[in-house]
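Me: Can we go through this one together, starting with the cavities and then moving to a helix?

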Amino acid sequence: MSADLIDLEEQSGGAVGKKSHAGAPSVSVGMATSEQDGEQTQDVGKEDLTSAFGVGDGQMAERTLEELAERELAKEEQEGLSAPAPVPIAGSQVSLHVSDPFYDVARHGIVEVAGDDNYGRKVIIFSCCKMPPTHVLDHHKLLLYLQYTLDQYVESDYTLVYFHYGLTSKNKPAFSWVLNAYREFDRKYKKNLKALYVVHPTNFIRVLWTFFKPFISHKFGKKVMYLNYLSELHKHLDYEQLVIPDQVKSHDADLLSKLKDTSLTVLDPSTPTSPLKQFGVPLDRLAESSGEQIPLVIRETVAFITANGLSTEGIFRRCASAPLVKEIKQKYNQGELVDFSQFGDVHLPAVILKMYLRELPEPLLTFDLYPRIISPNGTSNDEKATLAREWMSLLPQINLVVLRYVIGFLKLVEKESTVNKMTMENLAVCLGPNLIWPQGSPLNLAALPHITTFCCLLMKHSDTILGCTSDTEPGK
């Protein structure tokens, strides 16, 4: 059985029926559309509910969609398709102070940031299995926290991953809250959202979609994709970055164990390490094999952007063609020549550079420095610069050399910020999570401001902290 993936962009002609996995039906969505106020909206068809849930026209007057959703959710709980609501654990992997207005929401880890996807877009994760019961969680504050998170990325292309497993009658927000959430997210949030992956959808999702079709634009609907198994998510995202909740992994394993066809039980195997491989190889090993301290991918991407892209607005903020990204990565790993000029997209080498940094086995700033960087230290810029200089002495020499090169390049980009709009802070937001991340877990949202501040500090005081000179700039 092949992986079931529903891309709404392919459904504009009508309802699509998909073979379902055991116990959890694939979502089948009708996409009849109409024009209203200049924007395509979707009409609600009762026949969808009639065929799916045995609800006739006479019953529709007595049973609202929300009641149907509650019914489906209760059925899923009985069948083991929903996890019990978790007991809240204060301070779980959260560095926010208890006085922070978002502490009581952030502590649950419902919303996480997990690096970039295969197209160079920031990934934000929403995990239902981490939502506590409704009497514990303030859903209005959860909405504000989600907005706060997205505000850091809405100027760039980004991706949302929604893990549906774990939503129960005890932790489910009201339909009115969900509708209000959609309305609160105005165009600035929706414009640069490039994909919304709904993982492990159930009949509850189908009811929800039917309820919201009148309010959701056709253009937004095309960004939604339903993934019935984690193996399908692996095609689009760096699986190792996601740190998927254990409950979701266990649920996925249970679904796969019920399949007669076990072709989905094994995720894409990692390719054997080749002597020519560039991505995912330790810096010291690459330096030893090539005789060059600056890795080939970094040298070539930096050189091309320096020559052709310093004045490009939004450089490092935009994604690139997924097939081209895959092709170029493969070329590098096979030792083939890469000529970025033949592709006609300066955002392509920018995405490749971010991907290369993120796929290093250990971040450029190392795992050891992560807790230091995210901890508030010093009050003045001089004190912070002094601490940063001390920390740089702890880096392996090869890391320090490469870091100088990368920071020197970012300063060249920042010099053109009046044209490219990439200020020091914007560059730090886009590149910071690719220079430092924790070991074995996704980036905590509370850590991002500290990472941004530290990367700005590196760029602003690169001469005193890193010992950067004009001779260490790329091309010198």
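Me: What classes do the residues lining the largest cavity fall into?
Reply: This is a predicted model, where local features need pLDDT of at least 70, side-chain atom pairs count only at pLDDT 80 or more, and totals for chains, interfaces and linings use all residues. Residues are numbered from 1 along each chain as its sequence is written, and side-chain values use heavy atoms, with hydrogens and water left out. Ala, Val, Leu, Ile, Met, Phe, Trp, Tyr, Cys and Pro count as nonpolar, Asp, Glu, Lys and Arg as charged, and the others, Gly among them, as polar. On that scheme the lining of the largest cavity splits into 33 nonpolar, no polar and 2 charged.

Me: Which residues of the lining are the closest to the centre of the largest cavity?
Reply: The largest cavity holds about 900 Å³ of space. Its lining has 35 residues, and the closest to the centre are Tyr-162, Val-178, Ala-181, Leu-196 and Leu-208.

Me: And which helix gives the most to the lining of the second largest cavity?
Reply: That cavity has a volume of about 90 Å³. Its lining has 2 nonpolar, 4 polar and 6 charged residues. The top contributor, with 4 residues, is H16.

Methods: On a 1 Å grid over the protein atoms alone, a cavity is a set of points where a 1.4 Å probe fits but cannot get out, and a pocket is an open set with protein on both sides within 12 Å along at least five of seven lines; lining residues have an atom within 4 Å of a point. Grid points are joined across faces, edges and corners, and a volume is the space filled by probe spheres set on the points. Helices (H or I, at least four residues) and strands (E, at least two) are DSSP runs, numbered from the N terminus.
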